Amino acid sequence: MTRSHTNAVEVRGLVKHFGETKALDGVDLDVREGTVLGVLGPNGAGKTTLVRCLSTLLAPDSGTATVAGYDVVRQPRQLRRTIGLTGQYASVDEKLSGFENLYMIGRLLDLSRKDARSRADELLERFSLTEAAKRAAMTYSGGMRRRLDLAASMIGKPAVLYLDEPTTGLDPRTRNEVWDEVQRMVSEGVTVLLTTQYMEEAEQLANELTVIDRGRVIANGKVDELKAKVGGRTLKIRAVDPADLGSMAAALRETGLDGVAGSTVVPDEEALYVPILTDQQLTAVVGLLGARGFGIAHIGTHLPSLDEVFLAITGQKSTVSDALPEEVAA
Amino acid sequence: MSATTTTTQLSKSPVGTPGPGPAPARKTSGEGRIGLRANLRHIGALARRNALQIKQDPESMFDAVLMPIIFILLFVYVFGGAIAGKGNNDAYVNYVTPGLMAMMGMNIAMGVGVGINDDFKKGVMDRFRTMPIARSSVLIAKIVVEVGRMMIATAILLGTGFLLGLEIKTSFVELLAAIGLSVVFGASLMWIFILLGLTMKTAQAVQGMAMLVLMPLQFGSSIFAPPTSMPGWLETFTDYNPLSNLADAARGLMNGGPVAHSVWMTLGWALAITVVTAPLAVSKFRKKT
């Protein structure tokens with residue numbers, strides 16, 4: 001909280017109730033200028049409510065939030081000039097063509113007819129929609145709609161962009177397209193607040209993470225720090241001879257490498273699970289097992305699911321100052 | 001609005017560097033208020049959107065194009081003989097057409113409520129409401145386009161009327177005044193239906209509610225039959241029914257006869273309805289979550 005002069009978004013004690021439901025129950029967070037903050041949480045955690053409060057669609061019950069220095073409650077008009085919003089549901093007019101959507105938004109942002117036209121063409125080109133420019137958005141594929149939505153958010157060159165679950169419901173290829181676009185916008189200096197249910201997405205796009213659950217922040221920090229807490233990726237190893245798994249685990253523990261010490265054999269699956277924190281550790285583990293002459297039949301990695309993240313975080317809370325979760329697992 | 005704000009950075013200058021290229025945000029005076037010219041430009045851009053939607057979905061013009069034809073044929077040939085006497089259908093055209101003008105306005109206005117309700121289910125409304133535009137401009141743009149539709153419906157109604165023997169016994173100017181009056185009144189009704197559309201949960205509910213209010217107003221009026229043929233209590237009701245006032249005013253302007261009272265009554269109603277419902281609708285729109 002000492003770097004407030006470079007925060008594009010500052011949220012303090014934000015509360016929003018819907019009747020009995022506390023959608024936001026005192027949320028604090030910062031998004032540093034020019035960075036991506038991932039807000040990770042399950043359905044109903046309050047992610048969308050947070051975005052709606054920060055984009056002036058909802059008035060908070062208490063607490064404060066400023067975006068680019070403007071207060072969401074007292075300076076909504078100025079604030080709206082600095083933000084772009086791409087929601088979970090494409091916020092474009094489906095009956096209008098891609099061009100007409102972007103042109104309309106340009107005009108609403110006070111561009112001249114000529115500038116609105118050229119800005120629309122420029123963004124259609126950039127988001128690879130030039131060929132579909134004249135077609136109604138309702139004929140677009142899911143990925144094209146998201147791209148049009150992103151383009152629409154970029155017309156006003158916002159300083160802060162909210163992406164509310166930008167890839168929910170997209171297939172993996174389309175998801176990668178959206179990620180590429182987001183990374184490109186970030187490289188141009190846009191500050192992004194991204195909500196997501198996927199650890200993988202947060203890891204790909206975010207510099208820092210805030211994990212929320214039932215309207216409260218339960219963890220925050222740099223992605224790497226959180227990964228260390230949660231345990232990063234997990235290696236799943238199958239041996240040529242399943243009887244070797246026990247001695248493989250023992251050999252890895254002897255190395256004393258961080259994380260790797262948490263290696264566990266799951267007999268039902270005839271597999272060895274090895275938590276790793278870095279690519280170097282991955283190489284070291286494979287190298288070591290090879291050097292010792294163990295036969296590896298299969299190797300794969302997986303990221304922790306949201307469930308595992310939550311388990312790790314809440315598990316860590318219950319043991320307070322005590323050690324990292326991987327040691328608990330060992 | 002929050003009552004417990006504690007921020008200490010009111011006067012802080014905005015941070016954030018917009019991306020490369022010309023920043024489109026134009027300086028506006030005061031607290032980021034939107035100037036009149038900008039407001040008109042926004043309404044224009046949004047009205048264009050509504051017009052383009054019609055182009056994409058031409059069936060949505062059926063009510064404006066076909067309804068006037070169906071209604072005038074129905075009333076002149078099915079009920080006309082019974083109301084005005086067999087063989088007097090021609091005379092009835094002159095009676096019922098000004099009344100139908102009033103009814104068209106009402107029916108188109110009803111559609112606005114349904115449309116707004118539908119519109120709100122789509123993400124694009126969220127985009128509009130997070131943009132630096134006056135929130136009322138979204139609603140006003142809708143009204144502008146619907147007034148256009150109302151005028152098309154009126155033109156088709158009059159065209160069909162002329163084919164069936166309608167005669168304007170006054171002047172062209174008075175005919176224009178009659179059209180203008182029904183459009184003004186129709187536009188004021190749109191605010192009521194926008195309010196309904198923003199309040200009710202589903203488009204079906206809006207339609208149901210609208211029918212409930214519209215049926216007695218439409219038929220308990222001087223649109224289709226002279227109220228002198230009705231029982232006393234109903235005659236009194238029709239006297240205060242704004243649709244009667246409008247129908248009488250349009251009839252007077254097109255057929256000749258006294259108009260001052262009914263014209264003023266209609267304008268009074270239109271003004272009163274707008275003054276009460278427009279701010280409510282805009283405020284509802286603003287607070288809609």
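Two strands count as paired when DSSP finds at least two bridges between them. In this predicted model, strand β11 (residues 233-239) of chain A meets that condition with β14 of chain A, the two running antiparallel and joined over 6 bridges. One of the residues involved is A:Ala239, whose bridge partner in β14(A) is A:Ile296.

This pair belongs to an open sheet of 4 strands in chain A, which is arranged in the order β12-β13-β11-β14 with antiparallel pairing. Because β12 (264-266) and β14 (296-302) of chain A lie at the edges and have a single partner strand each, one side of each is left without a neighbour in the sheet. From one strand to the next, the twist averages 25°. Helix α10 (residues 279-291) of chain A packs on this sheet, where the helix touches β11, β13 (271-276) and β14 of chain A, and its direction makes about 140° with that of β13(A).

Around B:Ala250, once neighbours within four places in sequence are left aside, the residues in contact are B:Pro98, B:Met101, B:Ala102, B:Ala178, B:Leu181 and B:Ser182.

Terms used
Residues numbered from 1 in each chain as written. Chains lettered and ligands numbered in written order. Predicted model: local features only at pLDDT ≥ 70, side-chain atom pairs only at ≥ 80, totals over all residues. Axes fitted to C-alpha atoms, helices over the stretch in contact; angles between N-to-C directions. Contact = placed C-beta atoms within 7 Å.
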